[in-house]
Amino acid sequence: MRGRGPHPTTPVLEPPPPTTEPGRRDAGKKRAPQRGGREREREGILKPFGYRKAEPAPLPVIDREITISEGITVKELSEKLGVKASLVIKKLVDKGIFATINQTLETKLSEELAREFGASTAKMSYEEESVQVVDQTEVAGDLEARPPVVTIMGHVDHGKTSLLDAIRLTNVAAREAGGITQHIGAYHVDLNGRKIVFIDTPGHEAFTRMRARGSKVTDIVVLVVAADDGVMPQTREAIDHARAAKVPIVVAMNKIDKPEAQPERVKQQLTELGLMPEDWGGETPLVPVSAKQKLGLDLLLEMILLVADMQELKGNAARPAVATVLEAKLDRGRGPVATLLVRNGTLRVGDHFLCGTVFGRVRALFDDRGEPVKEMGPSMPVELLGLESLPDVGDTLQVVTDLSKARQIAEFREIKAREVAMAKTRVTLDQFHAQLREGETKELNIILKADVGGTAEVLSDTLQKLSTEKVSIRVISAGVGAITESDVDLASASNAIIIGFNVRPERKAAEAAELEKVDIRLHTIIYELTDEIKKAMVGMLEPVFKETYKGRAEVREIFRISKVGTVAGCYVQDGAITRDSQVRLLRDNIVIHTGRLDSLKRFKNDASEVKSGFECGITIAGYNDLKPGDIIEAFVKEKVAAELGV
């Protein structure tokens with residue numbers, strides 16, 4: 001009989017249990033005996049209730065110096081240190097800062113991180129680092145002789161600009177208010193196929209900073225000393241600036257044609273200051289000149305070239321350009337415009353650049369004579385268009401290839417500048433309480449507008465230095481361009497006066513100022529401005545000649561008539577133009593000329609007055625450079641009691 005299973009007495013052979021899962025690489029290998037958690041814990045492999053945390057690896061020690069440039073990112077810092085970016089991020093997290101790999105770091109924070117890794121640091125700006133990288137790859141064969149950059153320095157009214165005019169055969173001083181130079185001008189002259197670049201710096205004492213800025217980019221200083229006046233305070237300042245810049249000095253002794261000239265006395269004074277003339281056995285070249293008679297100019301230029309040859313001035317036209325901002329202004333038709341001196345390399349139309357907080361692209365270049373150019377080489381002055389905003393005077397312009405990095409640096413600088421500006425205007429509760437406790441301190445708020453950036457910067461510092469214990473002067477805002485309606489609003493809100501230097505208020509701004517009773521003071525000469533503020537501070541402001549606005553006319557057409565000159569066909573927009581009034585010519589709201597009316601005609605007849613809404617013909621005495629679109633503003637001066645007081 002067939003059963004359902006094996007016979008009870010028949011042994012059953014079972015296969016051995018598999019030693020591993022089918023398909024594993026260690027199939028057939030003998031598995032080690034399993035140990036319990038407590039046994040592994042006793043051996044130190046496990047912690048109670050979890051795994052033991054691995055000990056952190058020690059940070060790599062870096063024993064070298066690295067350069068920290070502004071706007072450095074976490075990635076760039078890690079590459080300079082030679083460590084992983086994750087280690088730098090971990091350090092930041094430990095400080096409570098959560099940063100990504102591409103985040104920009106503060107310079108101070110970057111230095112702290114580098115020191116924690118053991119590295120020493122050296123701070124360097126983005127421009128300096130870019131120049132250093134190019135310099136390291138530069139070979140001697142790329143270097144060529146470049147024109148010398150010469151700065152004209154000396155005391156006010158010693159004939160600096162007149163000397164430069166005689167060299168350039170132009171007339172700059174006639175266009176300057178009060179006959180003194182109030183801007184930096186850069187020009188070049190040719191002599192026997194070689195170029196010399198001149199920088200004319202203002203001589204008035206308020207422009208000390210501007211003169212210092214001029215000496216930073218110069219190769220040779222020409223010190224102008226009047227033979228009839230001798231060494232004066234600003235002459236000493238100019239010598240100090242030249243010595244600080246470590247540049248050679250060539251003395252031009254001007255006005256030797258005057259009968260009261262005393263050359264030997266001037267040489268004695270220069271010797272006392274450490275400038276021994278060559279004809280007295282010293283090393284300082286001294287050239288007697290006369291700007292008016294045009295004497296000794298060729299000898300002066302030859303001496304400048306001789307000193308330049310001894311310096312062996314070199315430049316590399318093949319490298320990206322590096323330039324210094326000499327002046328910046330806001331042009332109504334062209335926008336922000338900067339006057340540059342190309343220190344090295346070649347600046348071309350189309351180049352991308354970084355200049356302080358401004359990132360942009362070169363749209364157009366103009367030489368010192370106003371002619372458009374495609375490129376400009378080392379040591380040459382040039383006017384640049386393509387700025388998004390006005391750079392600060394003295395900023396370095398660097399042509400860049402890494403556009404994203406340059407834009408990042410510009411944004412970083414702009415944020416920092418905004419923070420600094422906000423910190424300046426913020427007043428703490430303690431400061432406010434101290435002012436209330438003293439009870440005697442008065443504050444004069446000023447809003448300053450000038451025609452160019454350098455002048456605005458210098459005037460701001462000059463006015464604030466006039467502050468005393470009892471009267472504090474605070475420049476709330478200093479800008480470039482015409483006085484706008486927003487300036488009047490700010491002045492009204494902050495109880496400030498507005499000072500315009502070589503600029504005029506826009507029509508709406510003038511109306512708003514009259515409505516809001518905001519005081520607008522207009523000046524063209526700096527020492528008149530400082531004198532007025534000083535007198536106002538001590539409450540001794542004398543009765544002054546105040547301008548009374550009469551009217552304004554727009555130039556519509558220009559007619560040139562022989563034996564008469566230039567006649568402007570005008571339309572009177574506001575007020576009235578009177579025959580006995582003085583006039584001011586405005587172009588883009590900037591004062592071009594101030595003079596008196598020569599003639600006022602209605603059709604062919606002489607007129608004593610032309611009112612608003614009528615046309616007239618105007619000629620200005622001794623001035624013919626009129627253009628359609630110019631504004632002729634009429635005013636009279638009358639003696640009134642001063643209103644400004646603190």
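Predicted model: local features only at pLDDT ≥ 70, side-chain atom pairs only at ≥ 80, totals over all residues.
## Overall make-up

The protein has 646 residues, of which 46% count as buried. Its secondary structure comprises 16 helices and 34 strands.

Among contacts in the protein with a separation of 6 or more, 70% are between residues 24 or more positions apart. Across the whole structure, a search finds 22 salt bridges.

## Helices α2 and α3

Two packed helices are described by the angle between their axes and the distance between the axes. For helix α2, which covers residues 74-81, and helix α3, the axes come within 8 Å and cross at roughly 115°. The crossing of these two helices, α2 and α3, is right-handed.

The residues that meet across this pair can be named on each side. Helix α2 contributes V74, L77 and S78, while α3 contributes A85, V88, I89 and L92.

## Salt bridges within helices

Helix α3 spans residues 85-94 and holds both K90 and D94. The side chains of K90 and D94 form a salt bridge, with an N to O distance of 3.5 Å. The two residues are four positions apart in the helix, so about one helical turn separates them. D94 is exposed, its relative accessible area being 54%.

A salt bridge also joins the side chains of R507 and E511, here at 3.9 Å from N to O. Both residues belong to helix α15 (residues 507-516), where a spacing of four residues places them about one helical turn apart. R507 is partly exposed at 36% relative accessibility, and E511 is partly exposed at 48%.

## Further salt bridges

The side chains of K601 and D606 meet in a salt bridge of 2.8 Å, N to O. K601 counts as partly exposed, with a relative accessibility of 31%.

K91, K95, E112 and E116 are linked in a network of salt bridges.

## Helix α4 and the residue after it

Helix α4 runs over residues 107-116, and its buried residues are T107, L109, S110, E111, L113 and A114. After α4 comes G118, which has a positive phi near 95°.

## T284 in a loop

T284 lies in a loop, between helix α9 (263-272) and strand β11 (286-288). The relative accessible area of T284 is 10%, which is under 20%, and therefore T284 counts as buried.

The surroundings of T284 can be listed with residues up to four places away in sequence left out. On that basis, T284 touches I249, V251, L275, M276, P277 and E278.

## G565 and T566 in strand β28

Strand β28 covers residues 565-578 and includes T566. G565 is also found in strand β28. The exposure of each residue can be stated separately: G565 is partly exposed, with a relative accessible area of 23%, whereas T566 is buried, with a relative accessible area of 4%.

Leaving aside residues up to four places away in sequence, G565 touches F559, R560 and N624. G565 also has a C-alpha to C-alpha distance of 7.8 Å to T619, although G565 and T619 are 54 residues apart in sequence. With the corresponding exclusion of residues up to four places away, T566 touches I558, F559, R560, I618, T619, N624 and L626. The side chains of T566 and R560 are joined by a polar contact of 2.9 Å.

Methods: Residues numbered from 1 in each chain as written. Heavy atoms only, no water. Buried < 20%, exposed > 50% of the residue type's maximum accessible area, 1.4 Å probe, protein only. Polar contact = N/O pair within 3.5 Å; in protein donor to acceptor, adjacent residues only side chain to side chain. Contact = heavy atoms within 4.5 Å. Salt bridge = Lys/Arg side-chain N within 4 Å of Asp/Glu carboxyl O. Axes fitted to C-alpha atoms, helices over the stretch in contact; angles between N-to-C directions. Left-handed = near helix turned anticlockwise from the far one by under 90°.
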